[in-house]
Amino acid sequence: MSQKTVAMRMIEGLRDRGVRHVFGVPSGGWVDFMEAIRNTDGIDFVLATHEGGAAFMADICGRMTGVPGVCFGTYGPGATNLATGVGNAQLDRSPLIALTDEMPEKMRSRVTQMGIDHQALMAPITKWTTRLTVANVDETLDQAFEMALSGRPGAVHIGMPTDLTAKPAENLGATRAKPFVPTKVPAADSALIETAKAQFSAARKPALVIGLGAVRAGMAEPLRAFCEAHSIPAVLTPMAKGLIPDAHRSYAGVLFHALSDKVAETHKQADLMVAVGYDPVEFNYENWLHKMPLVNIDTVPVDIDRETYPDCLDLTGDVAATFDAFAKVAVGENDWDMAALKDRMDAIRKEMSPRNTDFGPCAALDTLRSLLPQDGIMTCDVGAHTHLIGQKWQTPGPDTQIMTNGWSAMGFGLPAAIAAKLSRPEATVCAVLGDGGFLMTVGELATAVRENLKIVFVVLTDNDLALIRIKQQRKGNPIYGTPVRGGGTIGGDNLFGVPVMTASDRDSFESTLKKAFEADGPVIVEAQVSSAEYDALVLFKDKS
């Protein structure tokens with residue numbers, strides 16, 4: 001039997017480690033890999049419309065399955081296009097492996113078409129970047145998976161010289177060749193945990209702040225139980241939504257998003273903040289935390305201005321194990337008025353109810369939430385609607401609402417929905433997109449058609465980059481450069497093979513959505529909304 005080529009060894013190695021899809025736009029150098037995928041059971045190539053969309057899809061596959069998502073781009077523009085989604089995975093803490101063509105060694109120092117240094121390009125937006133050889137395929141895959149999944153997950157990059165792909169792979173020695181499970185770090189030092197417990201017991205108004213690291217640690221149940229036992233409030237970062245359900249008595253809202261100044265009325269009362277898996281990549285402490293002691297339960301020490309916040313206790317170690325030990329603190333009395341918290345949250349929800357006679361985003365989101373099953377998945381793009389969703393959308397559990405808040409790239413929501421459906425084909429999946437973000441990756445509708453994916457894409461058409469327009473107006477500046485178009489709709493009754501249905505009021509939106517969810521393939525539901533509602537709800541400070 002002939003020795004396996006580098007391409008075949010690479011594809012089989014990805015498959016054996018749990019990868020089921022590779023997303024990308026092929027190149028001449030990728031042909032050997034395409035043939036390897038065609039001849040390898042259990043792994044498929046998904047043709048994307050744009051390399052950035054491919055990387056977004058890989059990000060969500062990694063986030064939802066726990067196996068690094070994989071994407072590919074060719075030389076130069078392929079790699080730079082890919083970079084937007086690679087950065088998204090890096091700062092949203094999703095495990096991802098980015099593959100790119102690279103020039104043969106003798107051409108790397110030469111001036112040549114499409115030739116740039118991919119190692120230099122990817123270094124700032126990945127945890128690790130390396131280059132494939134005929135002798136290091138297995139070793140490279142082992143290291144790439146370990147790096148992508150360990151600690152705070154993120155992106156890695158493997159450059160693949162195009163003159164190597166058809167050559168025999170050498171040095172086929174010991175390799176994990178199976179899904180990588182990161183080695184668990186131990187819990188934090190027990191003496192420090194006892195100190196934290198004593199601080200908690202002495203506080204009169206201790207509170208929790210929960211971040212995306214707690215989502216990775218699977219901590220929904222222990223966090224809910226702790227809040228219930230101690231009757232304390234918990235605020236969340238946007239990407240931690242679902243760990244504490246919106247209806248839970250301890251739920252105290254989401255930082256950074258709509259009406260965050262009202263959320264601050266709770267957390268500014270605290271005299272001790274216990275942070276669980278908090279990652280400042282979403283929101284720096286200095287932007288919301290008043291001066292108070294901070295206990296940080298995370299895999300890394302807290303990133304904070306130590307001069308302003310000198311009283312920080314780091315419980316550095318495995319988040320779940322450390323919290324389990326901390327949670328054994330005795331239950332005592334505190335000074336929180338949980339009835340007042342409920343009244344405050346009820347007032348926030350009421351303020352985010354539809355607030356004018358025009359059909360607006362609040363009514364659209366309420367209607368969509370009533371029709372999407374509780375275990376359905378909604379992805380969203382970046383824009384004013386994201387700020388509403390972060391605060392308003394009832395999220396029953398992690399990974400039922402998917403957004404980007406570390407990298408925050410417009411254009412994320414549409415390809416994210418495609419990857420969510422591929423990752424969980426049994427789930428009902430929809431996306432909520434502003435018309436600005438929709439235009440950035442609209443071509444990926446063709447991918448949804450090719451893959452025959454049943455997804456409802458809700459486009460909130462207000463012809464307005466509302467977040468920037470609001471900032472202009474609050475500075476007293478004229479509106480300039482923010483209208484998406486003069487008016488009208490996204491145009492046509494079909495885009496790239498996806499039918500478009502338009503609604504301009506709540507009743508027609510509801511009936512149209514029902515039809516869309518019953519369809520056999522992808523459907524766009526365009527909601528023509530007024531952006532006026534955003535003005536009174538978004539872009540308020542979390543700390544006065």
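**Exercise 1. Locate histidine 230 in the secondary structure, decide whether it is buried or exposed, and list its contacts.**

Step 1. Histidine 230 belongs to helix H9, which covers residues 220-230. Helices (H or I, at least four residues) and strands (E, at least two) are DSSP runs, numbered from the N terminus. The model is predicted: local features need pLDDT of at least 70, side-chain atom pairs count only at pLDDT 80 or more, and totals for chains, interfaces and linings use all residues. Residues are numbered from 1 along each chain as its sequence is written, and side-chain values use heavy atoms, with hydrogens and water left out.

Step 2. The relative accessible area of histidine 230 is 4%, so the residue is buried. The classes are buried under 20% relative accessible area, exposed over 50%, and partly exposed in between (1.4 Å probe, protein chains only).

Step 3. Not counting residues up to four places away in sequence, histidine 230 touches Phe200, Val329, Ala330, Val331 and Asn334. A contact means heavy atoms within 4.5 Å.

**Exercise 2. Treat glutamine 119 and serine 530 in the manner of Exercise 1.**

Step 1. Glutamine 119 is placed in helix H5 (residues 118-122), while serine 530 lies in the segment after strand S19 (523-528).

Step 2. Glutamine 119 has 14% relative accessibility and therefore counts as buried. Serine 530, at 19%, also counts as buried.

Step 3. With residues up to four places away in sequence left out, glutamine 119 touches Glu102, Thr129, Thr130, Arg131, His157 and Gly159. For serine 530, leaving aside neighbours within four places in sequence, the contacts are Asp358, Phe359, Gly360 and Pro361.

Step 4. Serine 530 and glutamine 269 are 261 residues apart in sequence, and their C-alpha atoms are 36 Å apart in space.

**Exercise 3. Determine the strand order of the open sheet of 6 strands and identify its edges.**

Step 1. The order is S9-S8-S7-S10-S11-S12, and the pairing is parallel. Two strands pair if DSSP finds at least two bridges between them.

Step 2. Strand S9 (251-254) and strand S12 (312-316) each have a single partner strand, so one side of each lacks a neighbour in the sheet.

Step 3. On average, neighbouring strands of this sheet are turned by 20° against each other, direction ignored. For such values, axes are lines fitted to C-alpha atoms, for helices over the stretch in contact, and angles run from 0 to 180 degrees between N-to-C directions.

Step 4. Strand S11 (residues 294-298) is joined to S12 by 5 bridges and runs parallel to S12. One such link sets valine 295 against leucine 313 in S12 as its bridge partner.

**Exercise 4. Characterise the two largest pockets and the largest cavity.**

Step 1. On a 1 Å grid over the protein atoms alone, a cavity is a set of points where a 1.4 Å probe fits but cannot get out; a pocket is an open set with protein on both sides within 12 Å along at least five of seven lines; lining residues have an atom within 4 Å of a point. Grid points are joined across faces, edges and corners, and a volume is the space filled by probe spheres set on the points.

Step 2. The largest pocket holds about 950 Å³. Its lining has 37 residues, with Gly151, Pro153, Gly213, Arg216 and Ala217 nearest the centre. Helix H8 gives the largest share, 4 residues. The lining divides into 17 nonpolar, 10 polar and 10 charged residues, where Ala, Val, Leu, Ile, Met, Phe, Trp, Tyr, Cys and Pro count as nonpolar, Asp, Glu, Lys and Arg as charged, and the others, Gly among them, as polar.

Step 3. The second largest pocket has a volume of about 480 Å³. Of its 27 lining residues, Gly383, Ala384, His387, Leu467 and Leu539 are closest to its centre. Helix H18 (466-474) is one of the elements that supply at least two lining residues, and H18 gives the most, 4 residues.

Step 4. The count is 1 cavity of 30 Å³ or more. The largest cavity has about 40 Å³, and its lining includes Arg152, Tyr278, Asn296 and Asp298. This lining divides into 6 nonpolar, 1 polar and 3 charged residues.
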